[in-house]
Amino acid sequence: MSDPHAPQDEDYSATVLGSHWFSGPPPPADAAPDRVEGAVLRFGPGVTAALPAPFPVEPAPAPAPPRRRGGGWRRYTLAAVVLAGVLAYLGWQRFGPAVQVREVAVSTAPQGPGCDAAADVVASVRTDGRPGTLTYRWVRSDGTRSEELTERVPSGRTEATLHLMWTFKGTGTYPARAELQLLSPTRRTAAAEFTYSCPR
């Protein structure tokens, strides 16, 4: 037996319902639908307002960005290594092994200076090339001596040259002797002899 409410053609859609499908009283004419889905109107009590929370809700703090490992300590390690190297070098220069003297020699022109001239007496001190300070003085045969003098020897330099300028005046002949006394880093002596001669 055919249903009198069966669709009469293929364009029938069950989405739109006739009024005889609603149970109960029809909705009032001025009732506004909650939402519209296609052609179906749905009526209800409306959207319920959100209830306030029973206690204040604070937003959770954002997680801190992950820290990079290994970047910072490498930079500080390199700086510490450089600083330690500089301090070690300065300490080695100041407190390391002192310069070692290998040989001391003193020379001048054997004929001596001319009338009213100066003799250039030269001392050559050979070292091992380490940095250090030489302390010395000159002693002359006329009974005079210099105060203590110093000569700084830089690293890599293996010879220090020390000069004594001895000035003569007047006529006559004078046998002269100039001696270098090395006081530190070790005690050494060396001397040169010459004759001052002025016949006029």
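Figure 1. Of the contacts in the chain that join residues at least 6 apart in sequence, 62% are between residues at least 24 apart. The model shown is predicted. Read from the N terminus, the elements follow the order β-β-α-β-β-β-β-β-β-β.

**Figure 2. Surface and burial of the chain.** The chain has 200 residues, of which 20% count as buried. Its accessible surface amounts to about 15400 Å². Carbon and sulfur atoms account for 56% of this surface.

**Figure 3. The aromatic pair F168 and F194.** Five aromatic pairs are found in the whole structure. One of them is formed by F168 and F194, with an edge-to-face arrangement. The ring centres of F168 and F194 lie 5.8 Å from each other, and the angle between the planes is 90°. This pair links distant parts of the chain, its two residues being 26 residues apart. F168 lies in the loop between strand 7 (159-167) and strand 8 (172-184), whereas F194 belongs to strand 9 (residues 188-198).

**Figure 4. Burial of F168 and F194.** F168 counts as buried because its relative accessibility is 7%, under the cut-off of 20%. F194 is likewise buried, its relative accessible area being 4%.

**Figure 5. The aromatic cluster around the pair.** F168 and F194 belong to one aromatic cluster, together with W166, Y174 and Y196.

Key. Residues numbered from 1 in each chain as written. Predicted model: local features only at pLDDT ≥ 70, side-chain atom pairs only at ≥ 80, totals over all residues. Heavy atoms only, no water. Helix = DSSP H or I, 4+ residues; strand = E, 2+ residues; numbered from the N terminus. Buried < 20%, exposed > 50% of the residue type's maximum accessible area, 1.4 Å probe, protein only. Contact = heavy atoms within 4.5 Å. Areas by Shrake-Rupley, 256 points an atom, 1.4 Å probe, with all protein chains shown as cover. Phe/Tyr/Trp six-rings, centres within 6.5 Å; stacked < 30°, edge-to-face > 60°.
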